[in-house]
Amino acid sequence: MHQYPLIIDGQYNIGSICTSQQCAAGRGSKVAMRWINSNLEKTDYTFDELNNESNKFANVLKNLGFQKGDIFFTFLPKSSEQIFSFLGTLKIQAIAGTLFSNFGEESLLDRLGDSKAKGVITKKSLYKKILSISEKLPELKTIIITDINEHISGNVLSYSLLMKEASGNFDVALTSADTPSVLHYTSGSTGKPKGVLHLHKSVLLQNYTSKHILQLNENEIYWCTADQGWVTGTSYGIIGPWSLGVTQIHFGGAYDADIWMNLIENEKITIWYTAPTALRMLMREDSSIFLKHDLSRLKHIFSVGEPLNPEVINWSRELLKKDIYDTWFQTETGSIMIANRPGLPVKSGSMGKPADILEAAIISDEGKILNNKQVGNLCVKAGWDSMFRTYLNNEDIYNKKFKNGYYYTGDLAYRDEDGYYWFVGRNDDVINTAGHLISPFEIESALLEIPEIAESGVIGAPDDILFEKVVAYIRLKDQFSWSDDLEMNVRLRLANKLSSIATPQEIKIIKEIPKNKSGKIMRRVLKAWYMGTDPGDISTLDV
Ligand code: AMP
């Protein structure tokens with residue numbers, strides 16, 4: 001089959017590379033997406049249809065007055081509308097942000113407010129959350145709702161009505177490599193979440209790594225389980241695979257081992273990209289579930305988001321007769337940076353080696369490049385094609401992430417004598433629960449808004465399934481005491497404000513939150529208390 005060059009006539013537009021360019025290359029009638037909803041009903045969309053639907057959405061936004069550089073978010077669970085609107089937004093060179101559908105009001109306000117988003121597409125049940133904060137979002141002019149048949153008002157509009165009136169033809173303007181494209185918010189251990197802004201040229205590396213690491217070519221049938229609210233869902237659930245003309249399975253249902261194995265068997269999935277938490281859950285299922293399915297077409301399993309335990313790889317080798325290839329990247333890198341892949345022997349527990357066109361290094365806090373086996377900051381040589389362009393409204397913090405030509409990822413790792421990288425941990429307090437980064441600061445702030453709570457400190461603690469669970473230490477105001485009702489109230493408030501993933505698995509009531517003399521919560525001490533280990537130097541503790 002003819003291999004067309006990815007960038008034709010200087011057109012970097014991700015929306016057109018994933019759709020019209022695929023049609024021009026002769027794939028118009030090929031299935032781009034088999035959408036399978038939670039009732040297991042299937043709808044196929046060819047590349048022609050993907051092009052047409054995203055063109056229509058581009059026209060919808062254009063007719064509503066959206067322009068290049070405006071920010072438009074999807075706030076939807078996995079759905080075909082999310083995909084069409086994401087690609088349509090990119091086609092008009094507006095910036096496509098995605099919001100995890102589980103987000104509560106505060107999480108939404110932080111992201112929609114900071115980015116000054118002009119529009120959002122959502123569904124009726126989620127619209128309520130936006131409505132409750134809309135007064136604080138003066139720039140948010142347009143809300144499009146996927147499951148209403150009539151417009152509610154001049155700016156709360158029906159998707160189906162708008163799409164019915166829109167043309168399926170849209171000429172995508174020539175888009176330069178450096179045009180802003182995708183926006184994802186990520187949590188740090190201090191401050192509010194930060195908007196990680198990518199450029200259209202990110203498609204080059206998403207395409208390259210999809211091909212050379214995930215082994216995608218146009219004959220594969222590929223399933224990425226990630227939600228489009230996060231970077232894996234956009235980089236490897238939309239952009240990389242469709243830039244290669246690959247047929248993707250998109251499944252809107254929740255985790256269910258039997259259904260998942262059915263999907264792999266019946267849809268003849270050949271390449272599967274998933275996450276350690278899901279794999280650990282599968283490992284606990286009865287082996288008969290796997291043995292009763294014919295999984296022989298599945299060639300490769302890849303994993304991302306959290307450390308992949310050697311036990312999971314061993315389980316897969318024994319039961320599924322396959323390695324699992326761990327891959328490492330983050331929102332800021334936009335593409336896989338370090339990975340195991342076919343052709344490279346898997347060292348269980350290691351993240352693998354950097355992609356062959358990238359350079360990684362382990363660097364000390366003082367900026368010294370460290371030798372093999374020395375633990376330090378995991379860094380990537382700046383300048384890779386999918387490097388984020390900035391943290392929106394936070395250029396200073398962005399600049400501080402780069403030193404001497406290297407980007408500091410915030411992870412600690414070491415490299416062994418064979419060039420494999422091994423994850424050690426984060427060098428901040430960010431919690432990674434089931435592959436989602438959670439800021440302890442955001443949970444602590446949300447807890448402090450509860451009238452009964454005087455102080456709180458939040459940490460991540462090891463968990464067999466989730467990698468880390470959220471543990472909240474709380475000091476109540478003197479006049480209050482802990483009760484089941486209060487606990488329920490705390491959980492509900494956090495779920496509604498932040499998201500259910502930010503709701504603590506454990507809450508511990510204590511008399512004093514350890515803080516240093518300048519009042520900073522010493523989460524390190526809380527963690528040591530939790531783990532029953534030595535808290536180390538506590539000379540700065542304010543006691
Ligand atoms: P996010 O930006 O939300 O995608 O999260 C990125 C972070 O998840 C990384 O900085 C790591 O801390 C963690 N992470 C991602 N992939 C891996 C992996 N394969 N092994 C260990 N940690 C990982």
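**Ground rules.** I am working with a predicted model, where local features need pLDDT of at least 70, side-chain atom pairs count only at pLDDT 80 or more, and totals for chains, interfaces and linings use all residues. Residues are numbered from 1 along each chain as its sequence is written, and side-chain values use heavy atoms, with hydrogens and water left out. My labels for helices (H or I, at least four residues) and strands (E, at least two) are DSSP runs numbered from the N terminus.

**Entry 1, the nine-stranded sheet.** I traced 9 strands in an open, mixed sheet, ordered E2-E1-E11-E10-E12-E13-E14-E15-E16. I count two strands as paired if DSSP finds at least two bridges between them. The edges are E2 (42–46) and E16 (353–354); each has a single partner strand, so one side of each lacks a neighbour in the sheet. Further along, I looked up E13 (residues 300–304) and E14 (residues 324–328), which run parallel and are joined by 4 bridges. There, valine 304 stands opposite threonine 327 of E14.

**Entry 2, strand E11.** Which strands pair with E11? E1 does, running parallel to E11 with 4 bridges, and E10 pairs with E11 in the parallel sense over 3 bridges. I noted the partners too: methionine 33 bridges to glutamine 248 in E11, and isoleucine 221 to threonine 247 in E11.

Next I checked burial (buried is under 20% relative accessible area, exposed over 50%, partly exposed in between, with a 1.4 Å probe and protein chains only). In E11, 5 of the 5 residues are buried, so the strand is largely enclosed by the rest of the structure.

Glycine 245 follows H9 and has a positive phi, near 70°.

The axes of H2 (residues 20–27) and H3 come within 9 Å and cross at roughly 155°. That makes H2 roughly antiparallel to H3 (the cut-off is over 145 degrees; under 35 is roughly parallel, 65 to 115 roughly perpendicular, the rest oblique). Using contact as heavy atoms within 4.5 Å, I see Ser20, Gln22, Cys23 and Arg27 of H2 meeting Phe47, Asp48 and Asn51 of H3. H3 (residues 47–63) also lies across E1 (31–36) and E2, at about 85° to E2.

My last stop was another open, mixed sheet, with 8 strands in the order E7-E6-E5-E3-E4-E8-E9-E19. E7 (156–158) and E19 (390–391) are its edges, each with a single partner strand, so one side of each has no neighbour in the sheet. E6 (residues 142–145) pairs with E7 in the parallel sense over 3 bridges, and isoleucine 144 stands opposite leucine 157 in E7. H3 packs on this sheet as well, touching E3 (71–75), E5 (119–122) and E6, with its direction at about 145° to that of E6.

Note on methods. Axes are lines fitted to C-alpha atoms, for helices over the stretch in contact, and angles run from 0 to 180 degrees between N-to-C directions.
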